[in-house]
Amino acid sequence: MPKQLLKILKNGLLPLLLGCGLFFINIRDSHDWGDDFAQYLLEARNIKQGIPLDSSGYIQNPDFLLIGPKAYPPGFPLLLTVSSSIFQDEIVGGQFLISFFLLMLGWLFFLLLRKFKTPYLLSLVLMVSLLYHPWMLEQKSQVLSDIPFACFILLTCLLADPKKGLWYYALAGFTAGIAISIRSIGWVIPIAGIVVMLYYSFANKTFDKKHGLLTAVAALTAIGINTLAGYNGFSGGYSSSIGSETSFIETTINHLQLYFNELQSFIEIEVNHWHGLMLFLQLLMWAGLILGLTKFKKYPFLITFLFGYLALIVIFPFTGGFRFLLPVVPLIIMVANTCFPKFVKFQSAVTIFLLLILNIAYQPHRQYIIAKQNELVDGPQMPEAQQLFNFINTSLTKEDVVVFSKPRALGYYTHVKTAATLWEIDQNEFIRQTEKLGVTHYLAYTDMEYFALNDFVLANHQSLEILYRNEKFTLYSK
């Protein structure tokens, strides 16, 4: 067999085949109330119809910006236009799209491991362990941008190879621009490029063309995609006052503890046995990561980006838990694996053995996910919600404003305007916010703890008219 064909089979076909099981696990025709997914699907619909991204019935509450902006960057909605054109069901199509990008993420992770001299079999086992990790299997049932964003991050890191020419850095800049158009935090990539460019320019007394090119192409690509999609980046967003009840130092400390626990739990999850093994692997990960972050000269761009990304999510006043960590989890694993001292003579064999035991420990969780994947998720697709949407679409007008805890999800399935207030406020503040938003209807949901709305309905039930009620929802009007 020719060497080139053998290389393609080993580094391309085999890893991809091992990941094809993703297309058969946790694909479902329902979605939870998440709200973000509805915003992405709505933007994809707007793109296909040629109308502005933020054209929706969602009224953003200036007192509750944390719930999300009126528009997200257009990169992921652009990808969703492809899946929604192929699949009749937008939820199923979105999940297949996420599964595809998770497969690509695993393959790029494998290629990066090989690039950094990780043994072949260990690279395969690490890739499979990541792809079929229970948290990744659960995450891919969400129609969200995290996995596609992570995929383009890894592709950028793979292309930004100091041994390659300028064309590779230009391509890295292009993929970085796509990443930025998916998630705004992707601007950390060109910033990392600037840092590395300045470092080499001062250290070597010559201008660093490669990272300068990466930075320029990334910025131009991101601006170009956003401009073509009609996204100006100022359609709304998170307020600087989020988390103002705690100081900057307290927020940073709290987030450090949170993400530390998230990484610990990513290894341990719900495992009833092997706690000694979990602790050992956690120690290996932390030791390798700490050592890796000091290897700037060896992996300048990758380490700079990883450090910058982790620093940003730690100081950012809002947290998304594991979602915020997911885009860099493959890099954390790779750095920890690559940079940990080779103190074990048969380190590769020992690591593979430990990973196999770890995957055995994860199996009950995977089986639970597979067993539940055909069950209807508590969300917009359940019968009670569909009945409610039908009533709203036939009985309310486009001028009516409904307050609900998941306003963007409600807005995606109905034609009315939607809004939300802070969930835990007193009655006077709730009334003030709803009057400012022009609310005409109140939607209560038995399975969601919207304390302010529930308290308002309880206190004013005699003056409110019940327009619609089923086992889950009650729609009131003034």
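Guide: Leaving aside neighbours within four places in sequence, Gly57 is in contact with Val416, Lys417 and Thr418, where contact means heavy atoms within 4.5 Å. The model is a predicted one, in which local features need pLDDT of at least 70 and side-chain atom pairs count only at pLDDT 80 or more, while totals for chains, interfaces and linings use all residues. Residues are numbered from 1 along each chain as its sequence is written, and side-chain values use heavy atoms, with hydrogens and water left out.

Gly57 is located in the loop between H2 and helix H3 (75–86); helices are DSSP runs of H or I with at least four residues, numbered from the N terminus. With a relative accessible area of 24%, Gly57 is partly exposed, a class that lies between buried (under 20% relative accessible area) and exposed (over 50%), calculated with a 1.4 Å probe on protein chains only. From Gly57 to Phe296 the separation is 239 residues in sequence and 48 Å in space, C-alpha to C-alpha.

The loop between helix H1 (3–19) and helix H2 (36–49) contains Asn26. Asn26 is not a glycine, yet its phi is positive, at about 60 degrees. Asp35, found in the loop between H1 and H2, also has a positive phi, of about 80 degrees, although it is not a glycine. Such values deserve attention because most residues other than glycine have a negative phi. Asn26 counts as buried, at 3% relative accessibility, and Asp35 counts as buried at 2%.

Next comes the nonpolar interior. A nonpolar core is a set of buried Ala, Val, Leu, Ile, Met, Phe, Trp, Tyr and Cys residues joined through side-chain atoms within 4.5 Å. The largest such core has 127 residues, and those with the most contacts inside it are Trp33, Phe305, Leu325, Leu331 and Phe473. Helix H4 (residues 90–115) supplies the largest share of this core, 13 residues. A second, separate core has 20 residues, among them Val403, Tyr450, Ala452 and Leu464. When neighbours within four places in sequence are left aside, the contacts of Trp33 include Asp378, Pro380, Phe389, Tyr445 and Phe473.

Helix H15 (residues 329–339) is mostly covered, with 10 of its 11 residues buried.

Two further residues show how a place in a helix may be described. Trp107 is found in helix H4 and is partly exposed, with a relative accessible area of 24%. Apart from neighbours within four places in sequence, Trp107 is in contact with Asn11, Gly12, Pro15, Leu16 and Met127. Thr156, by contrast, is buried, with a relative accessible area of 1%, and its place is in helix H7 (residues 146–159). Not counting residues up to four places away in sequence, Thr156 touches Ala172, Thr175, Ala176, Ile189 and Phe301.

Helix H9 (residues 188–204) and helix H10 (residues 209–228) pack at about 155 degrees, with axes 8 Å apart; the axes are lines fitted to C-alpha atoms over the stretch in contact, and angles run from 0 to 180 degrees between N-to-C directions. H9 is therefore roughly antiparallel to H10, since angles over 145 degrees are so named, those under 35 being roughly parallel, 65 to 115 roughly perpendicular and the rest oblique. By class, this contact of H9 with H10 has 8 nonpolar, 4 polar and no charged residues. Here Ala, Val, Leu, Ile, Met, Phe, Trp, Tyr, Cys and Pro count as nonpolar, Asp, Glu, Lys and Arg as charged, and the others, Gly among them, as polar.

A second pair is formed by helix H12 (residues 275–292) and helix H16 (residues 347–372), which pack at an angle of about 125 degrees with their axes 11 Å apart. That angle makes H12 oblique to H16. Leu277, Met278, Phe280 and Leu281 of H12 make the contact with Leu354, Ile357, Leu358 and Ala361 of H16. The residues of this contact divide into 8 nonpolar, no polar and no charged.

How values were computed. Helix = DSSP H or I, 4+ residues; strand = E, 2+ residues; numbered from the N terminus.
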